[in-house]
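Work through the exercises below with the sequence and the model at hand. Try each task before reading its solution.

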Amino acid sequence: MRRLPVYMLVDVSGSMSGEPIESVKSGLQMLVDALRKEPRALETAYLSVITFNSRAQQIVPLTDLASFQLPEITASGCTALGEALKLLCDCRKKEIIKTTTEVKGDWKPMVFILTDGIPTDDDDVLSEGISEFHAEKWGAAVSCAAGPDADKDFLDKVTPECVVELATADKSRLSAFFKWVTASIATTSKGINEQGDGATGLGQLPPPPPELTIV
Amino acid sequence: MYKNGKCVTVKAVSGKTYQYIWTDTPASGVMKDVYFAPDKSYVVAFFREQQDANSIERLENLVGRYRQGMFGGDGGGYWEKVYCWPYDLIRDGKRIGLVVPAYRKEFFFRYGSPTFDLKHGEKQGEWFTNPWHRFCNLDRRETGDWRKYFDICMLLARGVRRMHMAGLAHSDLSYKNVLIDPITSSVAIIDIDGLVVPGKFPPDVLGTDGFIAPEVYATMGLPKRDKNRKFPCKETDLHALAVLIYMYLLCRHPLEGKKIWDVNDEQRDKLLAFGEKAVFIENPMDTCNRYTVEWVRKNEPPSRFRYLLPWRDLDKLPYTVLGPYLRPLIERAFIDGLHNPAKRPQAFEWEEALIQTMDLMIPCRNAKCDQKWFVFDNSAAKPKCPFCGTPYNISLPVLNLYHLSGKKYAFSGKRVMVYNGTRLYRWHIDPKVERNEKLTDAEKRPVACFQFHQGNWYLRNESDCDMVDMGKRTPVPKQSAILLADGVQIRLGGESARMIHVQMVNK
């Protein structure tokens with residue numbers, strides 16, 4: 001069986017505290033509950049959560065949906081998105097199974113990045129993060145600028161033409177985002193677009209709901 | 001547009017009115033948004049995208065002519081259960097919607113999963129074709145025994161046969177579009193609106209991964225108008241049907257094996273493995289795609305491995321365990337016909353072979369056996385259950401069915417394995433009666449039953465006429481019994497009835 005790895009990069013800086021972080025937690029739980037009802041996603045999708053504030057941390061390693069449990073998440077500190085991208089690439093190197101003649105490796109991982117602010121890493125860490133990220137091939141990589149203070153220009157450098165925006169980081173908009181991510185994972189797990197080219201753009205994913213604006 | 005919870009009334013093209021409950025988060029499929037009627041007896045499914053004139057004509061035919069053709073005649077009611085067929089069309093401004101019956105309650109999980117919340121989830125076929133799902137993630141009360149899956153495959157083949165007879169192809173048969181219930185042995189073919197009519201309505205989807213026929217995958221890269229490009233049609237339905245039957249019965253995919261065609265590109269590897277280069281995992285002439293248990297161990301998560309056996313053990317559970325009627329069909333579907341659509345078995349052939357195979361099934365002697373049934377192989381020296389290995393060591397009468405051809409009896413190609421409680425029906429004794437959807441209630445009543453009593457096997461005549469012991473030329477009147485022994489020949493009714501020749505195995 002080829003696994004479909006999914007990495008969620010979630011901003012847990014101070015500005016996310018309160019309603020945004022609670023909505024992220026319930027959104028992730030809803031995502032897991034919904035995907036467990038999809039037999040193909042339950043079989044193949046593996047989920048990892050990387051959080052970032054002053055530091056980046058992989059709080060859940062790549063785990064199958066049946067045994068996935070969401071740990072407690074709290075929000076404080078700054079926005080080390082550059083470090084998170086570097087950590088993502090490290091995790092990918094460790095966790096992804098490569099195809100050999102004897103073993104069917106993983107599908108290309110999907111990545112969803114959610115942030116409400118401006119990265120606070122040093123410039124060299126940021127540029128390293130971006131170049132390491134671009135050195136890898138991803139199945140689909142989408143950033144979500146949650147609220148007016150998110151750095152859309154930076155996100156567009158990370159995931160060109162794959163940035164979606166929420167007007168504010170409130171419960172209903174974040175919930176709509178997670179529903180869309182859920183549908184995107186379910187669709188991707190089921191199979192492949194007509195062209196069969198494994199393209200990575202937003203066009204391969206279900207249409208985003210009205211709450212999500214494509215930047 | 002409306003407030004959530006508002007009941008909207010719409011008028012359909014038939015002139016009837018329907019109601020649905022508006023919500024801004026409708027259940028959504030790939031192409032449609034689905035709204036429920038207030039009493040949930042039907043749904044209104046609106047296409048998200050605008051439909052062109054050709055599509056609208058197809059939908060009009062779907063709820064009109066084709067529906068009438070399928071359900072209008074005698075016995076139409078039988079088919080209502082096999083399909084979830086749309087029955088009306090709504091044109092609400094630019095929006096086009098279908099009125100579709102809601103899925104019956106047996107197609108929703110009652111117990112779901114012991115480990116997570118799956119109650120009320122839809123019983124998509126995929127839950128039952130992956131052994132990790134079937135034997136770990138589902139409650140045991142949801143999964144049924146092996147015989148139930150033969151019933152299900154037979155009904156599915158029957159449903160496809162009926163559509164093909166009407167000149168229609170489903171075009172997207174897959175476990176996603178077939179709901180099954182292994183408790184009541186029910187099947188519902190859903191998502192009918194993509195149906196294809198040759199020369200009239202072309203397909204609008206290519207199908208579902210894993211069920212798309214090799215020739216469709218292989219020509220996917222060609223321009224749409226290229227004459228070599230292959231699209232879903234009746235022959236591709238037949239590929240999907242064969243894959244479904246193989247998967248329901250053996251819990252593995254016939255083409256998903258160990259061969260890697262492209263180490264660097266998973267997408268291309270998959271396209272080749274299911275398309276141009278597709279090879280049956282059990283092809284005896286080309287074993288490049290065949291895997292071993294060791295390979296399965298390396299390629300599946302360790303926690304799931306034990307649920308995958310014996311299904312993924314091709315030596316222990318080869319397709320030949322499906323018996324002599326299904327064996328040649330599997331070979332035609334996945335060896336001869338894999339890249340040659342004209343050779344694929346027709347739906348009616350699957351239906352017949354499944355019906356005949358069920359007559360060869362006997363209950364496992366091990367009361368705790370998970371599968372409870374297997375197809376008896378009377379060529380084996382020591383017959384045993386392929387699932388739990390329990391030997392079948394009691395005597396077993398095999399009935400060979402003969403029919404009158406001119407003045408002589410000829411073998412009908414049918415056999416029945418007898419276990420305690422086996423019944424014969426009209427379609428066993430009367431060569432003119434077929435087991436199909438046209439059976440009357442009278443024809444569904446058993447005409448003979450078999451009992452094991454104090455070490456002996458007896459046939460009891462439950463029909464309304466005498467049977468005849470052909471050796472002794474004595475009648476076996478209704479409600480009386482006759483002892484079965486090797487070589488005994490019994491005519492199962494009047495002059496034109498079939499005759500059985502008894503052969504005792506494990507004497």
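The exercises that follow concern a predicted model.

**Exercise 1. The build of chain A**

Task: Find how many helices and strands chain A has, and decide why chain A counts as compact.

Solution: 
- Step 1. Chain A holds six helices and seven strands.
- Step 2. Read from the N terminus, the order of these elements is β-α-α-β-β-α-β-α-β-α-β-α-β.
- Step 3. The globule rule gives 17 Å for 215 residues, and the radius of gyration of chain A is 16 Å, close to that value, so chain A is as compact as a globular protein of that length.
- Step 4. The C-alpha trace of chain A spans about 45 × 35 × 35 Å along its principal axes.
- Step 5. Of the 215 residues in chain A, 53% count as buried.
- Step 6. Take the contacts in chain A between residues at least 6 apart in sequence: 75% of them join residues at least 24 apart.

**Exercise 2. The nonpolar cores**

Task: State which residues have the most contacts inside the largest nonpolar core, and which helix gives the largest share of this core.

Solution: 
- Step 1. The largest nonpolar core has 130 residues. Those with the most contacts inside it are B:Cys153, B:Leu241, B:Leu244 and B:Ile490.
- Step 2. Helix α8 of chain B, residues 234-250, gives the largest share of this core, with twelve residues.
- Step 3. Now take B:Leu244. With its neighbours within four places in sequence left aside, B:Leu244 is in contact with B:Leu156, B:Leu173, B:Tyr175 and B:Val178.
- Step 4. Another core lies apart from the largest one and has 63 residues, including A:Val12, A:Ile21, A:Ile113 and A:Cys162.
- Step 5. As background, nonpolar side chains in soluble globular proteins tend to be buried together.

**Exercise 3. Where the chains touch**

Task: Describe the side of chain A that touches chain B by its elements and by its residue classes.

Solution: 
- Step 1. Chain A brings 25 residues to the contact, and chain B brings 25 residues.
- Step 2. On the side of chain A, α1 (19-36) and α2 (39-44) each supply at least two residues.
- Step 3. The largest share of that side, four residues, belongs to α2(A).
- Step 4. Sorted by class, the residues of that side are twelve charged, seven nonpolar and six polar.

**Exercise 4. A sheet in chain B**

Solution: 
- Step 1. The sheet has four strands in that order, with antiparallel pairing.
- Step 2. β14 (423-424) and β19 (481-483) of chain B each have a single partner strand, so they stand at the edges, and one side of each is left without a neighbour in the sheet.
- Step 3. β14(B) is joined by two bridges to β15 (residues 448-453) of chain B. Here B:Arg423 stands opposite B:Cys449 in β15(B).

Note on methods: Residues are numbered from 1 along each chain as its sequence is written. Chains are lettered from A and ligands numbered from 1 in the order in which they are written. This is a predicted model: local features need pLDDT of at least 70, side-chain atom pairs count only at pLDDT 80 or more; totals for chains, interfaces and linings use all residues. A nonpolar core is a set of buried Ala, Val, Leu, Ile, Met, Phe, Trp, Tyr and Cys residues joined through C-beta atoms within 7 Å. A residue is buried if 20 or more other C-beta atoms lie within 10 Å of its own, exposed if 12 or fewer, and partly exposed in between; C-beta atoms are placed from the backbone. Two residues are in contact if their C-beta atoms, placed from the backbone, lie within 7 Å. Ala, Val, Leu, Ile, Met, Phe, Trp, Tyr, Cys and Pro count as nonpolar, Asp, Glu, Lys and Arg as charged, and the others, Gly among them, as polar. The radius of gyration is taken over C-alpha atoms; the globule rule is 2.2 Å times the number of residues to the power 0.38. Two strands pair if DSSP finds at least two bridges between them.
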